[in-house]
Amino acid sequence: MLDFRPHLGINQRGHLTLGGADLVELAEKYGTPLYVYDEQRIRQRYREFRDAFAGYGDVLVCYACKANTSLAVLSILRHEGAGADIVSEGELYLALKAGFQAEKIIFTGNNKSDRELERAVEAGVVINLDSLHELERLIEIVEAQKAEAKVSFRVNPEVSPETHPHLATGLRESKFGIHEELVLKAYERALSCSRLDVAGIHMHIGSQITKVEPYVEATRRLFDIMGRLRRELNLELEFADLGGGVGIRYSAEQPYITPAQLAEALLPVIEEKLAEHSLPRPRLLFEPGRYIVGDAGVLLARVYTIKATPYKKFIGCDAGFNLLLRPAMYGAYHEVVVANRAGEAPAEEVTVAGNLCESGDLLAKDRSLPRIEKGDVLAFLDAGAYGFVMASQYNSRPRCAEVLVNRGRAELIRYAEDFEDLAAKQLVPERLK
Ligand code: LLP
């Protein structure tokens with residue numbers, strides 16, 4: 001557990017620590033369920049990614065906000081100098097609120113609404129287009145607003161990233177990106193509109209990718225397309241965005257890649273392709289989300305019910321898939337640690353169940369854990385990405401609080417919702433009162 005998660009530890013009381021803070025104390029102080037993040041780990045992972053590609057020169061790491069949009073987390077990355085990859089008007093709002101400069105924001109939504117395109121033009125962010133139809137709608141908007149916009153196109157590189165089917169986005173049959181057959185047409189049309197600065201090209205092949213090969217293959221395709229754009233349209237692009245998707249180690253057994261390995265595999269290919277197609281060096285963009293925040297966060301939950309059935313022993317805790325959806329949605333594995341007895345050896349096999357009325361609400365199946373008692377605090381590891389952001393109020397359970405730890409000191413960064421939040425924004429017609 002601790003060897004590849006250096007930000008976790010076990011203190012003298014046998015409690016699990018994150019970024020130097022005692023998680024059992026945090027569970028007592030702030031209540032459970034509770035998300036906790038380690039600021040220094042986020043900074044370290046961002047820097048690791050940035051530094052891996054530093055040899056190339058002009059590189060911008062645009063944090064994929066969708067992984068965790070808490071304003072404190074966004075602010076950490078803005079302070080680090082990251083750009084932001086956003087996918088909705090809501091993320092645009094939050095990224096601007098966290099202080100990201102518009103020039104460093106790339107809007108890569110899928111099926112953007114007219115309003116979202118309008119807001120993106122007004123804000124002056126780079127608009128990454130996903131279809132010819134979206135391009136036509138953007139042209140109408142910039143003409144009507146007499147405004148300018150910087151654009152790129154997301155291309156579909158048609159590679160399989162060998163990840164969970166829900167997390168593959170660059171397959172031939174996927175809904176994302178523009179297929180090679182249509183790419184030239186898209187750029188040609190964009191170039192015909194003088195209000196558009198046709199600046200870049202983009203791909204994103206999927207998420208939780210644990211091999212470099214799919215990136216290498218897709219990058220070759222992307223740079224070959226850039227070669228065609230130069231030859232056939234005389235277009236030289238300012239940036240090439242290779243997307244996000246680098247996986248993290250959810251368990252010791254799972255294969256993984258590091259940003260350094262990715263850079264080692266990709267940079268020679270990029271140099272080779274730049275020479276082959278006589279291309280000027282574009283700025284390289286990346287959009288990691290999970291890699292930066294994934295292992296920096298844990299979800300804490302308290303054990304209430306111990307239920308031995310003739311078939312299985314269930315440990316019932318006060319969080320469910322309303323707070324951590326990944327196990328139910330993708331069959332994802334999150335390691336569980338009994339935070340108040342973190343060093344203890346496994347004693348029995350149990351299944352950790354959430355508190356929702358759904359049979360799929362199991363947060364960890366058939367795990368070997370120390371003997372668990374009522375009141376124990378469970379830590380679900382690696383919950384910093386796609387954790388809180390995918391939370392809901394299902395079963396009328398208000399969303400929980402979030403805490404940020406920095407060098408052992410903890411601060412609340414989001415209040416827990418209360419029951420008023422369940423009723424907030426709702427209206428009951430007069431006749432029903
Ligand atoms: N760029 C684009 C265009 C994306 O769609 C995504 C993720 C990223 C970057 C960041 O990918 P990352 O580096 O975080 O893998 N909810 C799923 C993950 C969905 C990812 C969606 N797109 C999960 O919990 O595993």
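I began with the open sheet of three strands, ordered S1-S2-S3 with antiparallel pairing. Strands here are DSSP runs of E, at least two residues, and helices are runs of H or I, at least four, numbered from the N terminus. I count two strands as paired if DSSP finds at least two bridges between them. S1 (8-10) and S3 (21-22) are the edge strands; each has a single partner strand, so one side of each lacks a neighbour in the sheet. S1 and S2 (residues 16-18) pair over three bridges, in the antiparallel sense. Glycine 9 sits opposite threonine 17 in S2.

This is a predicted model: local features need pLDDT of at least 70, side-chain atom pairs count only at pLDDT 80 or more, and totals for chains, interfaces and linings use all residues. Residues are numbered from 1 along each chain as its sequence is written, and side-chain values use heavy atoms, with hydrogens and water left out.

Next I checked H3 (residues 71-80). Its buried residues are Val73, Leu74, Ile76, Leu77 and Glu80. They cover an arc of only 155° around the axis, which puts them on the same side of H3. The arc is taken from the directions from the helix axis to the C-beta atoms. Buried means under 20% relative accessible area, exposed over 50%, partly exposed in between (1.4 Å probe, protein chains only). Among the elements covering these residues I found S4 (34-38) and H2 (39-52); contact means heavy atoms within 4.5 Å. Just after H3, glycine 81 has a positive phi of about 95°.

Last, I looked past H8. Asparagine 234 follows H8, with a positive phi near 55°.
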